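Dear colleague,

Please find the structure below, followed by a summary of what was found in it.

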Amino acid sequence: MQPALHVHNLHKTFRNGHHLKAVDGVSFDVFPGEIFSLLGPNGAGKTTTISMLSALLSPDLPPDGASEITIGGHSLQHEPRSAKALLGVVPQDIALYEDLSARENLIFWGKMYGLRGAALFQRVDEVLELIGLTVRAKERIGKYSGGMKRRVNIGAALLHRPKVIYMDEPTVGIDPQSRRSILDGIIALKQQGMTVLYTTHYMEEAQELSDRMAIMDQGKLIASGTHAELIQLVGQKARLILTVNVPTDRLLPDWQAVPGVFSVVAAGDLLTLLVDDTNRVLPQLFEVAAVHSARITSIDIQEPDLESVFLHLTGRALRDA
Amino acid sequence: MKSLAIACKDLTHSFRSTFAIIFMFGVPLMVTGLFYLMFGSLSVDKSEFNLPPTKVVIVNLDAGDPQAGQLGQILMAALQSEDFASLMEISLAPDSASARRLVDTQQAGVALIIPADFSTAFTDSQSATQLELYSDPTLTIGPGIVRSIINQFTDQFSGIKITVALALQQAETGQIEYAQIETIVADYLVASQTSADPQSLIETVIPTAAPQQNFMLTLIGPIMAGMLVFYAFYTGVNTAMTILKEREEGTLSRLFTTPTSQTEILGGKWMAVGLTVLVQVVTLLLVSRLIFQIDWGHLPVITLVALAIVCSASASGIFLCSWLKNTRQGGIVFGGVLTVTGMVGMMDVFTGNPGDPRFGFWPLITPQGWAARGLLAAMNGGSITQILPYVLGLIAISILFFIIGVLRFQKRFA
């Protein structure tokens, strides 16, 4: 099957004062009707990747051959107009005109995607209905809440019924109700056959939405696959999240030496351990703590998830990376 | 079509902003209006100056003289003539006490009391008499005018009396014949009447329309021209800065993700700058014509100059903004570059000496200088040939600035 989005060997280095390799050899395919998530901490290179996939940034010439981006079979480098016509982009920040109404914004963006006349106005009405803002369509965007602006931000990318839509962290900084509404909307888009490339640093969102996902860290794609495939990377390892009544660095070296403990990460008061058998490891952890006159004040045992995968692959916790 | 949609969106943005409206139209008209009120009203008041006629009450006690006749009556009739109707409102009183009372109660401004021996004193060369002028002490101009008029008459009477006395003396000593006395007095009367033409007593000069037009042309017109140029260039920069604003707000990046070429996007932005300045310049020309009656010159000439100003202000905005990294730096352009170049370009206008050759070439080192001089030339009734150097200068500046600005922006967004 031809991928809706084909990405091969993307590189990007920023040279403002110092060399920052933001994206380093990223390749992946997204197939029609699929939701594909790029998961990674802030600064992992997700937005830079999306910028290159949107033609906002040119990829660097890679040292080992050529880079390639195709959307619906059209090369973004060589046929930008055809490729962009199949693409809808929802930027991370609200990119709308605050002094225009929601309806005026949608009409303007519809024109930019080549819609005209009655078809434009009909589609604007449909999108307003879809994002639930028909009643307040004539109000200026500046008067909207953050969640409402996010909905218009998404609506503007749907006007031309794109084959592929990029959503760059569309739920950042909004209330749980609006977040839920947006996630439901994305699932509805998938049901309509749309291909979605979704970036997030919330593993719960990636887990809920994605057919497949890729984990990015420090500009590299470190793993990709379905949720089940990624979990298999950590095997049956569980995560233990502990708090203790002494500084964490006093316990860290001895706990790392306990048989069955694969990694220990300290972040503030929390210690996160990746272990293979909690029943066997926990008593030994208590014994080591007693030797150091320390008390374990709380324990949280978590079954393997994407957080565990990230911890397993990078040695760092996703939330604190 | 997409460029037009971008331009329309930017125009909507500009004209929905209260700040932009005040800046584009309110401030230049308000500043000119202040000058108009300060200087224009004085001029208008002069042309409409009117002194109300002074109320004069006359008491004629003159008993008359067999030789001189009723000189009191003659004086009264003269004062009641049409010639003085605009200066005096005459009424009569039976006696001096009632006349004074009318003045005291401010029902009259002046009371003129003609004594009983007024005519007799005229024929007797040895005797003298006095006209009494009783006036309201709170009035100054009215009584002064009445006194001047009466002095004119009494001088005439005195002159005749002296002429007759002198002629008699000369006849008695044989220098002239008695028969010549009548001719001498007649000649004197003709001469004195000519010099005592009531119209010459007070010369009321009413400024005609011409000086008023001249005032508008020499003061308010250049100020409005200066304001128009000054704020057209501000609008050029302010509108061109929307490209930086859109970049900061992410809408420009979003535009670049749509199937719209960079040329279409930037072309739409430049179109918006030009259209915004065009609307501003045309509106200011028309509104100032209506409010301040400024004559901007022949229509084809002012049209040509206005279009050249629109081009240069727009191109200058694009040029200046192409050097800015962000909108925060816009303050430097607004406060610094535009103010300095505006002041240099229009130093002759703002010092109240438009077109003064002492300022030499300096105003022409800025586009505002070319624009202001072009407008002034049009206002002074210049022909197309006369304003052509300014128009061509502005077009040359526009082309240069536009090319540099567009190349810099295209390089930035490549």
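Two strands are taken to pair if DSSP finds at least two bridges between them; helices (H or I, at least four residues) and strands (E, at least two) are DSSP runs, numbered from the N terminus. This is a predicted model, in which local features need pLDDT of at least 70 and side-chain atom pairs count only at pLDDT 80 or more, while totals for chains, interfaces and linings use all residues. Residues are numbered from 1 along each chain as its sequence is written, and chains are lettered from A and ligands numbered from 1 in the order in which they are written.

Chain B holds an open sheet of four strands in the order β2-β1-β3-β4, with mixed pairing. Its edge strands are β2 (88–92) and β4 (132–135) of chain B, each pairing on one side only. Strand β3 (residues 110–114) of chain B runs antiparallel to β4(B) and is joined to β4(B) by four bridges. L112(B) has L133(B) as its bridge partner in β4(B).

Turning to the contact between the chains, 17 residues of chain B are in contact (C-beta atoms, placed from the backbone, within 7 Å) with 20 residues of chain A. On the side of chain B that touches chain A, α1 (2–16) and α11 (251–256) of chain B each supply at least two residues, and α1(B) gives the most, with six residues.

In chain A, V258(A) is in the loop between α9 (248–256) and β12 (261–267). V258(A) touches V281(A), Q284(A), L285(A) and V288(A), residues up to four places away in sequence not being counted.

Yours sincerely

Definitions and conventions: Contact = placed C-beta atoms within 7 Å.
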